[in-house]
Amino acid sequence: MAGSQAVDEVRYDRVGAAAVLTIDRRHRRNAVDGPTAEKLLEGYNAFEADEEARVLVLTGAGSEAFCAGADLKNLESLGSRVLGGEAPLGFTRTTPTKPTIAAINGWCLAGGLELALWCDLRIAHPDAQLGFPERRWGVPLIDGGTQRLPRVVGMARALDLILTGRIMHALEALDWGMLTELDDDPLERALEIAQGLASFPQQTMLADRRAAIEGFGMSLEDGLALEAKAGPETLQAAVEGANRFAGGEGRSGAGAGV
């Protein structure tokens with residue numbers, strides 16, 4: 001799939017090997033209501049079905065906000081999703097099979113932060129601000145925030161944000177490890193990383209990603225057993241890669257990192 005597929009307030013665009021899923025509700029700081037959540041899920045499903053899309057980049061239109069969370073002025077439109085056991089903001093109860101990157105400008109709040117935490121990597125503008133201010137209104141975290149934030153930053157720090165509802169600046173979030181890096185153009189940097197990830201041998205990278213995600217929380221013994229399963233599956237790819245290195249490719253660290 002190439003080009004752009006416009007779906008009202010959510011856009012699915014292909015940029016090289018990356019799929020860019022953009023929330024475009026700037027009049028509501030890219031907050032998500034029920035119809036928008038449905039379109040986000042459609043975009044996610046399009047990414048999973050798109051064999052040529054190797055990385056998903058999730059972002060918000062404009063510089064003011066990545067996403068301000070659920071649209072509290074139209075919260076009733078999300079009610080059926082909550083009562084039906086679906087992810088309120090579309091796809092947050094799924095685990096993608098391919099890498100995902102959040103490109104964050106401006107406000108990244110409430111469910112918006114939960115969307116960002118759903119991603120593997122988070123690139124933010126230095127002026128971005130993040131937090132769970134819905135604490136003030138009695139709105140719960142039900143898009144994965146209580147589970148993913150502790151896994152990213154540790155329980156003590158996660159409880160700081162979850163309980164207080166305070167908003168932190170990007171530099172503190174970077175120090176915590178919540179953000180991968182800061183960049184003046186998060187989307188451009190996310191696309192650069194996406195192209196780098198897409199250039200690696202995919203079978204072994206995806207196997208390592210899957211082992212890390214699925215093994216988290218397992219005992220070390222079970223996690224090592226899970227990791228070991230990838231050995232026979234990726235042996236041929238590993239041999240081919242080793243032969244390329246023996247032939248002179250990638251010496252002195254060339255090609256490492258993105």
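Which residues of β4 point one way from the strand, and which the other way?

1. Basis of the note. The model is predicted; local features need pLDDT of at least 70 and side-chain atom pairs count only at pLDDT 80 or more, while totals for chains, interfaces and linings use all residues. Residues are numbered from 1 along each chain as its sequence is written, and side-chain values use heavy atoms, with hydrogens and water left out.

2. Strand β4. Val55, Val57 and Thr59 point one way from β4, Leu56, Leu58 and Gly60 point the other way, and all are buried. Buried here means under 20% relative accessible area, exposed means over 50%, and partly exposed is in between (1.4 Å probe, protein chains only). Because 6 of the 6 residues of β4 (residues 55-60) are buried, the strand is largely enclosed by the rest of the structure. Helices (H or I, at least four residues) and strands (E, at least two) are DSSP runs, numbered from the N terminus.

3. Partners of β4. Strands β3 and β4 run parallel and are joined by 6 bridges; Leu21 stands opposite Leu58 in β4. The chain passes from β3 through α1 to β4, and this β-α-β crossover is right-handed (with the strands pointing away from the viewer, the path from the first strand over the helix to the second runs clockwise). β4 also pairs with strand β6 (residues 100-104), in the parallel sense and over 4 bridges. In that pairing, Thr59 stands opposite Ala103 in β6. Two strands are taken to pair if DSSP finds at least two bridges between them.

4. The β2-β3 hairpin. Strand β2 (residues 10-15) and strand β3 (residues 18-23) run antiparallel, joined by 6 bridges. Val10 stands opposite Ile23 in β3. The two strands form a hairpin with 2 residues between them, and Gly16 in the turn has a positive phi of about 60 degrees.

5. The β5-β7-β9-β10 sheet. These 4 strands form an open sheet in the order given, with mixed pairing. β5 (65-67) and β10 (167-169) stand at the edges with a single partner strand each, so one side of each is left without a neighbour in the sheet. The twist from one strand to the next averages 20 degrees. Strand β7 (residues 107-109) pairs with strand β9 (residues 129-131) in the parallel sense over 3 bridges, and the bridge partner of Cys108 in β9 is Leu130.

6. Helix α3. This helix (residues 111-118) packs on the sheet, touching β5, β7 and β9, and its direction makes about 90 degrees with that of β7. Axes are lines fitted to C-alpha atoms, for helices over the stretch in contact, and angles run from 0 to 180 degrees between N-to-C directions. Contact means heavy atoms within 4.5 Å. α3 is mostly covered, with 8 of its 8 residues buried; among them are Glu114 and Trp118.

7. Asp33. This residue lies in the loop between β3 and α1 (34-49) and counts as buried, at 7% relative accessibility. Its side chain makes a polar contact with the side chain of Thr36 (2.6 Å). A polar contact is a pair of N or O atoms within 3.5 Å; within protein, one must be able to donate a hydrogen and the other to accept it, and residues adjacent in sequence count only if both atoms are side-chain atoms. Leaving aside neighbours within four places in sequence, Asp33 is in contact with Arg25, Asp71, Asn74, Ser77 and Leu78. Asp33 also belongs to a network of salt bridges that links Glu9, Arg25, Arg28, Asp33 and Asp71.

8. Other salt bridges. The structure holds 17 salt bridges, each defined as a side-chain nitrogen of Lys or Arg within 4 Å of a carboxyl oxygen of Asp or Glu. One of them is between the side chains of Glu52 and Arg14 (4.0 Å, N to O). Glu52 lies in the loop between α1 and β4 and Arg14 in strand β2, so the pair ties together parts that are 38 residues apart in sequence. Glu52 counts as exposed, at 53% relative accessibility, whereas Arg14 is buried, with a relative accessible area of 14%.

9. Glu64 and Arg29. The side chains of these residues meet in a salt bridge (3.0 Å, N to O). Glu64 lies in the loop between β4 and β5 and Arg29 in the loop between β3 and α1, so the pair ties together parts that are 35 residues apart in sequence. Glu64 counts as partly exposed at 44% relative accessibility, and Arg29 counts as partly exposed at 36%.
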